[in-house]
Amino acid sequence: MTEPKRVAILGSTGSIGTQTLEVIRQHPEDFIVEVLTAQNNADLLIEQALEFNPNVVVIGNESLYSKVRDTLQPKDIKVYAGDKAIAQVVEMETIDVVLTALVGYSGLIPTVNAIKAGKQIALANKETLVVAGEIITALAKENRVNIYPVDSEHSAIFQCLIGEFHNPIEKIILTASGGPFRGKDRTFLETVTREQALKHPNWDMGAKITIDSASLMNKGLEVIEAKWLFGLKTEQIDVVVHPQSIIHSMVQFEDGSIKAQLGLPDMRIPIQFALSFPDRLKSDFERFDFMNYPQLTFEQPDLTTFKNLQLAYDALAKGGTAPCVLNAANEIAVAAFLNKEVGFLEMSDLIGETLEKAEFIAHPNLDDYVETDKRAREITKELITNKV
């Protein structure tokens, strides 16, 4: 790399955000932190800002503005507050790449604005493409913006396709760990607790993504994201359970050959590649040793027990606003589960009922997506209230 890239990190205090800063900390000559944003974790945001000295900091929770401002203004760091400020700050001329690590639907509008401003995108917020993939990909093409995937599975597909973009894909195979409840039946899942669901066997992630992984919704969202990232049909996207999480995903070409990308489960590797592409930067991350993994195993996902993955496939096949409804209902259902308002299996039931009740729009615009998200959340909340 020649000139250092100026990076805006949306969601810098979360799991992806903090690991992104670990990468930047290792490569101070290659990256400059231009913007940091957080929603509620003011203390960590302040700590990060004092270390990396960004041009701008945004705290989403406006009640925390004065705390952040009073601490950082003497350091000549501009401080803003509110979701609108997060959506606007990505347009700054000094930004080269925007890493979107916001949780859920909240990443949509900032990503749209960043693309319109011509910023390259390192995408860790899969919900942006789940909700509005057709609009996002069209905007990226129109504004000549590249979207570099940060999810380990999509990064693996992207890496397998380097040098192969002229060769048609027969299919891709997304790998799933199976989460903490792999092999369990519905009787077991009826009584699982919040604490059990938050113990992922391989990955260290935030609460929402960890629950999504346990329910296989995370894999369902990745299926939808993959369609838009790689221009695929629903039937070209397979999922296989791979408990060791060493093979991060695979591509099968028309001649029958398969490429796979392997490595230890470490999100810093796909984060670094998304930021540094087309270069690979040296790292001191732990190396994979085949002798520590004498067996790599694979299983079919259980779509009967874990209904979320099937719901995602169905929503993708239907198209229009269906994936937007799926995502909105899931965000509300997961929050309710984390708050111990509903059981683990009830999350799928809520999502399925919301998909049935919500209005369907076959060819939505951005305003339609915004309204659909709002209404789907209302429907799911009403269903939860009626169950309690």
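This is a predicted model: local features need pLDDT of at least 70, side-chain atom pairs count only at pLDDT 80 or more; totals for chains, interfaces and linings use all residues.
A pocket is an open set of grid points with protein on both sides within 12 Å along at least five of seven lines, and its lining residues have an atom within 4 Å of a point. The volume of the second largest pocket is about 450 Å³. By class, its lining consists of 14 nonpolar, three polar and two charged residues.

Rolling a probe the size of a water molecule over the atoms shows where empty space is left. How many cavities of 30 Å³ or more does a search of the whole structure find? The search finds two. The largest cavity holds about 70 Å³ of space. Eleven residues line the largest cavity, and the closest to its centre are Ser152, His248, Gln261, Ile269 and Pro270. Both α7 (152–161) and α12 (268–276) supply at least two residues of this lining, and the largest share, three residues, belongs to α7. The lining of the largest cavity has four nonpolar, six polar and one charged residues.

The second largest cavity has a volume of about 50 Å³. Its lining is made up of Ser215, Thr305, Phe306, Lys307, Asn308, Phe344, Leu345, Met347 and Ser348. Here α13 (307–318) and α15 (344–357) each contribute at least two residues. With four residues, α15 accounts for the largest share of the lining of this second largest cavity. Four of the lining residues of the second largest cavity are nonpolar, four are polar and one is charged.

The next topic is the packing of helices. Two packed helices are described by the angle between their axes and the distance between the axes. Helix α10 (residues 207–215) packs with helix α14 (residues 322–338) at an angle of about 100 degrees, and their axes are 10 Å apart. Angles of 65 to 115 degrees count as roughly perpendicular, and α10 and α14 are therefore roughly perpendicular to each other. Which residues of α10 and α14 meet? From α10 come Ala207, Lys208, Ile211 and Asp212, and from α14 come Asn330, Glu331, Val334, Phe337 and Leu338. Five residues of this contact are nonpolar, one is polar and three are charged.

Helix α10 also packs with α11, at an angle of about 95 degrees and with the axes 5 Å apart. That angle makes α10 roughly perpendicular to α11. In this contact, Lys208, Ile209, Asp212, Ser213 and Ser215 of α10 meet Met217, Asn218 and Leu221 of α11. The contact of α10 with α11 comprises three nonpolar, three polar and two charged residues. Two residues of α10, Lys208 and Asp212, take part in the contact with α14 and also in the contact with α11. Ser215, which meets α11, is also one of the residues that line the second largest cavity.

A pair of aromatic rings is described by the distance of the centres and the angle of the planes. The structure holds eleven aromatic pairs. One of them joins phenylalanine 158 and phenylalanine 273, at 6.1 Å centre to centre and with 55 degrees between the planes, and this pair is tilted. Phenylalanine 158 belongs to helix α7 and phenylalanine 273 to helix α12, 115 residues apart, and the pair thus links distant parts of the chain. The helices α7 and α12 also each supply at least two residues of the lining of the largest cavity.

Two details of the backbone complete the account. The peptide bond from phenylalanine 277 to proline 278 is cis, with omega near 10 degrees, and proline 278 is placed in the loop between α12 and α13. Where is asparagine 53 placed? Asparagine 53 is in the loop between α2 (42–52) and β3 (56–59). Although asparagine 53 is not a glycine, it has a positive phi of about 50 degrees.

Technical notes
Residues are numbered from 1 along each chain as its sequence is written. Side-chain values use heavy atoms; hydrogens and water are left out. Axes are lines fitted to C-alpha atoms, for helices over the stretch in contact, and angles run from 0 to 180 degrees between N-to-C directions. Angles under 35 degrees count as roughly parallel, over 145 as roughly antiparallel, 65 to 115 as roughly perpendicular and the rest as oblique. Contact means heavy atoms within 4.5 Å. Ala, Val, Leu, Ile, Met, Phe, Trp, Tyr, Cys and Pro count as nonpolar, Asp, Glu, Lys and Arg as charged, and the others, Gly among them, as polar. On a 1 Å grid over the protein atoms alone, a cavity is a set of points where a 1.4 Å probe fits but cannot get out, and a pocket is an open set with protein on both sides within 12 Å along at least five of seven lines; lining residues have an atom within 4 Å of a point. Grid points are joined across faces, edges and corners, and a volume is the space filled by probe spheres set on the points. Rings of Phe, Tyr and Trp (its six-membered ring) pair if their centres lie within 6.5 Å; planes under 30 degrees apart count as stacked, over 60 as edge-to-face and the rest as tilted.
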